[in-house]
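Dear colleague,

Please find the structure below.

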Amino acid sequence: MKRFIAAIIILLLIIAVSTYALIDMQNSLERIGSHTREVRKLVEEQDAKSAQKPCEQLMAEWDKMEPRLLLYVRHDHLDSIMEHLSELSAYCLEDDKAELLSTLDAAAKLMEHLRESITPSYRTLL
């Protein structure tokens with residue numbers, strides 16, 4: 001009977017940790033995604049140079065979140081997002097609006113794909 005209770009406790013602990021990790025990932029990706037959309041809106045309304053500071057803040061926010069995300073997700077998925085986000089400041093300096101918007105869109109799509117791939121569904125379980 002003690003083994004059964006221990007197994008139930010371990011199972012509940014695994015479920016709790018998994019649920020916390022999923023919720024944390026969802027919230028983190030939503031926060032960085034909304035920041036990305038704000039930067040995109042700013043660039044569309046003004047020019048790329050005006051987005052220098054928000055792009056640096058976006059990268060700083062990503063750097064703050066990345067160590068925690070590395071606990072849940074494979075490095076190669078996060079590396080491609082980080083690569084796109086790290087290019088943003090250079091495009092702002094060059095005032096290259098088209099490349100900046102393109103890179104923001106690519107990073108947003110990668111974050112959306114990451115969110116979909118970690119969310120349990122019949123597609124990710126099969």
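I begin with G33, which is buried, with a relative accessible area of 10% (buried means under 20% relative accessible area, exposed over 50% and partly exposed in between, with a 1.4 Å probe and protein chains only). G33 is found in helix α1; helices are DSSP runs of H or I of at least four residues, numbered from the N terminus.

Some notes on the source are needed here. The model is a predicted one, in which local features need pLDDT of at least 70 and side-chain atom pairs count only at pLDDT 80 or more, while totals for chains, interfaces and linings use all residues. Residues are numbered from 1 along each chain as its sequence is written, and side-chain values use heavy atoms, with hydrogens and water left out.

The packing of α1 may be described next. Two packed helices are described by the angle between their axes and the distance between the axes. The axes of α1 and α4 come within 10 Å and cross at roughly 160 degrees; axes are lines fitted to C-alpha atoms, for helices over the stretch in contact, and angles run from 0 to 180 degrees between N-to-C directions. These two helices, α1 and α4, are therefore roughly antiparallel (over 145 degrees; under 35 counts as roughly parallel, 65 to 115 as roughly perpendicular and the rest as oblique). Their crossing is left-handed, a term used if the near helix is turned anticlockwise from the far one by less than a right angle. Among the α1 residues that meet α4 are L22, L29, G33 and V43, and the α4 side includes K97, L100, L104 and I118.

Between α1 and α2, the axes come within 10 Å and cross at roughly 170 degrees. That makes α1 roughly antiparallel to α2, and this crossing is left-handed. The residues of α1 that take part include M25, I32, H35 and V39, and those of α2 include L58, W62, M65 and L69.

The 18 residues of α2 should span 26 Å at 1.5 Å a residue, and the end C-alpha atoms are 25 Å apart, which agrees (the expected span is 1.5 Å times one less than the number of residues). Among the buried residues of α2 are Q52, P54, E61, W62 and E66. What covers the buried residues of α2 includes α1, α3 and α4.

Helix α3 has 20 residues and reaches 29 Å from its first C-alpha to its last, close to the 28 Å expected. Its buried residues are L78, I81, L85, L88, S89, Y91 and C92, and they pack against α2 and α4. Just after α3, D95 takes a positive phi of about 55 degrees.

The largest nonpolar core has 26 residues, and W62, L85 and L100 have the most contacts inside it. The elements that give two or more residues to this core are α1 (2-45), α2 (52-69), α3 (75-94) and α4 (97-118). A nonpolar core is a set of buried Ala, Val, Leu, Ile, Met, Phe, Trp, Tyr and Cys residues joined through side-chain atoms within 4.5 Å. Leaving aside neighbours within four places in sequence, L85 is in contact (heavy atoms within 4.5 Å) with L58, M59, W62 and A107.

Finally, H113 lies in helix α4 and is partly exposed, with a relative accessible area of 46%.

Yours sincerely
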